[in-house]
Amino acid sequence: MSLIEVAVEAARAAGAEINQRLPQDRDIRTKGFRDLVTDADVAAQDQLVAVIKGRFPHHGICSEEGLQAGDQGTVWVLDPLDGTTNYAHRYPAFSVAIGVVQDGELVVGVVYDPVRQQLFAAERGAGARLNGDTLRVSQTQAPIDALVALDFAREPAARAAQMAAMVRLSTHISTFRSCGSAALSLCYVAAGWLDAYFHCALCPWDVAGPAVILAEAGGQLTALDGAPWHYQLPSCLASNRVLHAGLLDALRT
Ligand code: IPD
Ligand code: CA
Ligand code: CA
């Protein structure tokens, strides 16, 4: 099986686990400031690891719930449940996010929304798809027409910086959305449903998978200050590419 086939199989297995646990009594704990973890995060991670290790026992796995790997060779970067706060509230917006890095380069991304059964998938150089249909970013030309999403950082200083960025953008764009899953939001930019997305405190597993999908759908990613993007950087501005320079200008005003 190819990397993308295994990523899809793993994402679907983790998504089924999350769906099955959603209506039940959940074990919800606090693991940090404004940061929750549930039984579903851990069970979904177990599903991902079982599928990946079953097919590729020698690949590294870096995953949010305590799994670390080096940078050498092939490394799977996993967010078993992106949108845990939503999940804990039964707010139906969360996803499983998988990125595969080979010798430092992102090569495969899969994001699965188990509620809507939407599977976003991309391989570097081979385009991006949603349930098999080709994905393309929006054609919105002017910032004033842009639907821009963000999610809110947990730490006070990062959240304040984000609110300041939001204020700066607010007079230049159409309006804002926030869905609570960074991975899903980035895929929505890839699908053209959102024109842009920004955050200033993400983790590698939030963005590794969706970044491949966004790039293959024609989108652009930089740091919030316009610096070159890397999946280990906390800040990101994602857009349909056309809007990127205008949004960066607005952020500087
Ligand atoms: C979080 C979500 C959220 C973002 C947070 C992330 P988690 O991931 O993507 O939208 O604002 O910064 O940590 O903890 O639910 O996997
Ligand atoms: Ca996450
Ligand atoms: Ca998570």
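What spacing do the donors of the calcium ion (ligand 2) follow along the chain? They follow D-x2-D-x123-D.

Before we zoom in, a word on conventions: residues are numbered from 1 along each chain as its sequence is written, and chains are lettered from A and ligands numbered from 1 in the order in which they are written. This is a predicted model, where local features need pLDDT of at least 70, side-chain atom pairs count only at pLDDT 80 or more, and totals for chains, interfaces and linings use all residues, while side-chain values use heavy atoms, with hydrogens and water left out.

**Stop 1**

Select ligand 2 with Asp79, Asp82 and Asp206. Each of these residues coordinates the calcium ion (ligand 2) through OD, at 2.1 to 2.2 Å. Donors here are N, O and S atoms within 2.8 Å of the metal (3.2 Å for Na, K and Ca); water is not among the atoms, so sites may look incomplete. Asp79 lies in strand S4 and Asp206 in helix H6 (residues 204–216), so the pair ties together parts that are 127 residues apart in sequence. Helices (H or I, at least four residues) and strands (E, at least two) are DSSP runs, numbered from the N terminus.

The calcium ion (ligand 3) is held by Glu64 (OE), Asp79 (OD) and Leu81 (O), at 2.2 to 2.4 Å. Along the sequence, its donor residues are spaced E-x14-D-x1-L. Glu64 sits in the loop between strand S3 (60–63) and strand S4 (74–82), and Asp79 in strand S4, so this pair ties together parts that are 15 residues apart in sequence.

Which residue coordinates both ions? Asp79 does, and the calcium ion (ligand 2) and the calcium ion (ligand 3) are 3.8 Å apart. Asp79 is buried, with a relative accessible area of 1%, and Asp206 is buried as well. (Buried means under 20% relative accessible area, exposed over 50%, partly exposed in between, with a 1.4 Å probe and protein chains only.)

**Stop 1**

Axes are lines fitted to C-alpha atoms, for helices over the stretch in contact, and angles run from 0 to 180 degrees between N-to-C directions.

Show the side chains at the join. Ala182, Ala183, Leu186, Cys187, Val189 and Ala190 in H5 meet Asp206, Val207, Pro210, Ile213 and Leu214 in H6, where contact means heavy atoms within 4.5 Å. By class, this contact has 10 nonpolar, no polar and 1 charged residues. Ala, Val, Leu, Ile, Met, Phe, Trp, Tyr, Cys and Pro count as nonpolar, Asp, Glu, Lys and Arg as charged, and the others, Gly among them, as polar.

**Stop 2: the sheet of 7 strands**

Next, colour the open sheet with the order S3-S4-S5-S6-S7-S8-S9, whose pairing is mixed. Two strands pair if DSSP finds at least two bridges between them. S3 and strand S9 (133–134) are the edge strands, each pairing on one side only. Strand S7 (residues 118–123) runs antiparallel to strand S8 (residues 128–130), with 3 bridges joining them; pick Ala121 and you will find Arg129 as its bridge partner in S8. H5 packs on this sheet, touching S4, S5, S6 and S7, and its direction makes about 100 degrees with that of S6.

**Stop 3: the sheet of 5 strands**

Move to the other open sheet, ordered S11-S10-S12-S14-S13, again with mixed pairing. Strand S11 (175–177) and strand S13 (220–222) stand at the edges with a single partner strand each, so one side of each is left without a neighbour in the sheet.

Select strand S14 (residues 236–239), which pairs with S13 in the antiparallel sense over 3 bridges. Gln220 stands opposite Ser239 in S14. S12 and S14 are also antiparallel, over 4 bridges, and His199 has Cys236 as its bridge partner in S14. Both faces of S14 are covered: Cys236 and Ala238 on one side and Leu237 and Ser239 on the other are all buried.

**Last stop: Ala161**

From His199, draw a distance to Ala161: their C-alpha atoms are separated by 9.8 Å, at 38 residues apart along the chain. Ala161 belongs to helix H4 (residues 156–170) and is partly exposed, with a relative accessible area of 41%.
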